[in-house]
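Subject: Handover of a structure and notes on its contents

Dear colleague,

Please find below the sequence and structure that I am handing over to you. My notes on what was found follow directly after.

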Amino acid sequence: CSVNSIAIDVSSFTCTDIGANTVTLTVIDASGNSSSCQSTVTVVDNVLPTISCPANVNAFTNSGCTATGVALGVPVTADNCGVASVVNNAPAAFPIGVTTVTWTVTDNSGNTATCDQTVTVVDNVLPTISCPANINTFTNSGCTATGVALGSPVTTDNCGVASVVNNAPAAFPIGVTTVTWTVT
């Protein structure tokens with residue numbers, strides 16, 4: 001005769017309804033007669049979580065030629081159905097230079113999102129140097145001393161020594177000459 005109403009036994013779905021849901025549909029005519037059937041509604045969470053990385057970090061070497069114990073901060077995450085995990089790929093020890101740390105958030109449905117943070121490590125540890133002993137020598141070329149064996153300084157550094165140089169002249173004049181050694 002005519003359809004008076006159609007009823008569905010659920011008004012909306014939420015994150016607790018993810019997966020297959022059985023829904024009953026009922027149609028009622030103008031005389032009050034009704035008929036029902038069931039249908040399956042599959043709810044899928046296709047909304048990606050969001051993540052905002054902590055600020056980039058600058059650090060100094062503190063363990064050999066690396067930085068350990070670097071405080072990365074905590075990213076800001078959100079998701080419509082809940083966050084399951086937040087992880088990063090940060091090493092235990094950061095080498096000198098720039099390292100990119102990738103943060104990954106995973107929601108309760110397995111959707112993921114990432115962001116990148118950089119950690120810049122600088123070596124601020126000065127090298128050390130101990131000069132060889134002072135030298136007393138005699139003139140051997142006119143009024144100068146040439147071919148003077150200065151010895152070698154003892155040097156160390158947490159990241160390695162690049163060079164050791166001095167400002168010694170080829171010929172030392174009579175008197176005291178100060179030789180400055182520089183380690184880099």
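Asp107 is buried in this predicted model. Its relative accessible area is 2%, and a residue counts as buried because that value falls under 20%. Asp107 belongs to strand 10. Two polar contacts made by the side chain of Asp107 may be traced on the display. One reaches the backbone nitrogen of Ser109 at 2.9 Å. The other involves the backbone nitrogen of Gly110, which lies 3.0 Å from a polar atom of the Asp107 side chain. Leaving out residues up to four places away in sequence, Asp107 touches Asp45, Val47, Pro49, Asp79, Gly82, Val83 and Ala84.

Asp79 is found in the loop between strand 7 and strand 8 (83-88). Is Asp79 buried or exposed? With a relative accessible area of 19%, Asp79 is buried, because the cut-off is under 20%. The side chain of Asp79 has a polar atom 2.9 Å from the backbone nitrogen of Cys81, and a polar atom of that side chain also lies 3.2 Å from the backbone nitrogen of Gly82. Apart from neighbours within four places in sequence, Asp79 is in contact with Asp45, Val47, Leu48, Pro49 and Asp107. Sequence separation and distance in space should be read separately here: Asp79 and Thr66 are 13 residues apart in sequence, and their C-alpha atoms are 36 Å apart.

A further buried residue is Asn111, whose relative accessible area is 16%. Asn111 sits in the loop between strand 10 and strand 11. A polar atom of the Asn111 side chain lies 2.9 Å from the backbone oxygen of Asp45. Not counting residues up to four places away in sequence, Asn111 touches Asp45, Asn46, Val47, Leu48, Pro49, Val105 and Thr106.

Strand 10 (residues 97-107) and strand 11 run antiparallel and are joined by 10 bridges. Within strand 11, Cys115 is the residue that Trp103 stands opposite. The two strands form a hairpin with 4 residues between them, and Gly110 in the turn has a positive phi of about 90°. Strand 11 is also joined to strand 5 (residues 57-60), by 4 bridges, and those two strands run parallel. There, Phe60 has Val122 of strand 11 as its bridge partner.

Which residues make up the covered face of strand 11 (residues 112-122)? They are Ala113, Cys115, Gln117, Val119 and Val121. The uncovered face consists of Thr112, Thr114, Asp116, Thr118, Thr120 and Val122.

Strand 2 (residues 19-29) pairs with strand 1 (residues 3-8) in the antiparallel sense over 5 bridges, and Val3 stands opposite Asp29 of strand 2. Strand 2 also pairs with strand 3 (residues 34-43), in the antiparallel sense over 10 bridges. Ala20 has Thr42 in strand 3 as its bridge partner. Strands 2 and 3 form a hairpin with 4 residues between them, and Gly32 in its turn has a positive phi of about 90°.

Gly69 lies in the loop between strand 6 (66-68) and strand 7 (76-78). Its relative accessible area is 76%, so Gly69 is exposed, the cut-off being over 50%. Gly69 and Ala93 are 24 residues apart in sequence, yet 7.6 Å apart in space from C-alpha to C-alpha.

Finally, there is the largest pocket, with a volume of about 530 Å³. Its lining has 21 residues, and those nearest its centre are Asn134, Ile135, Asn136, Phe172 and Thr177. What is the division of the lining into nonpolar, polar and charged residues? It holds 14 nonpolar residues, 7 polar residues and no charged residues.

Two of the residues nearest the pocket centre, Ile135 and Phe172, are also touched by Leu150. Leu150 is placed in the loop between strand 13 (144-146) and strand 14 (154-156). Its other contacts beyond four places in sequence include Pro132, Asn166 and Trp181. Leu150 and Pro132 are 18 residues apart in sequence, with a C-alpha to C-alpha distance of 7.1 Å.

Yours sincerely,
A colleague

Definitions and conventions
Residues numbered from 1 in each chain as written. Predicted model: local features only at pLDDT ≥ 70, side-chain atom pairs only at ≥ 80, totals over all residues. Heavy atoms only, no water. 1 Å grid on protein atoms, 1.4 Å probe; cavity = no way out; pocket = protein on both sides within 12 Å on 5 of 7 lines; lining within 4 Å. Points joined across faces, edges and corners; volume = space filled by probe spheres on them. Nonpolar A, V, L, I, M, F, W, Y, C, P; charged D, E, K, R; others polar. Buried < 20%, exposed > 50% of the residue type's maximum accessible area, 1.4 Å probe, protein only. Pairing = 2+ DSSP bridges. Polar contact = N/O pair within 3.5 Å; in protein donor to acceptor, adjacent residues only side chain to side chain. Contact = heavy atoms within 4.5 Å.
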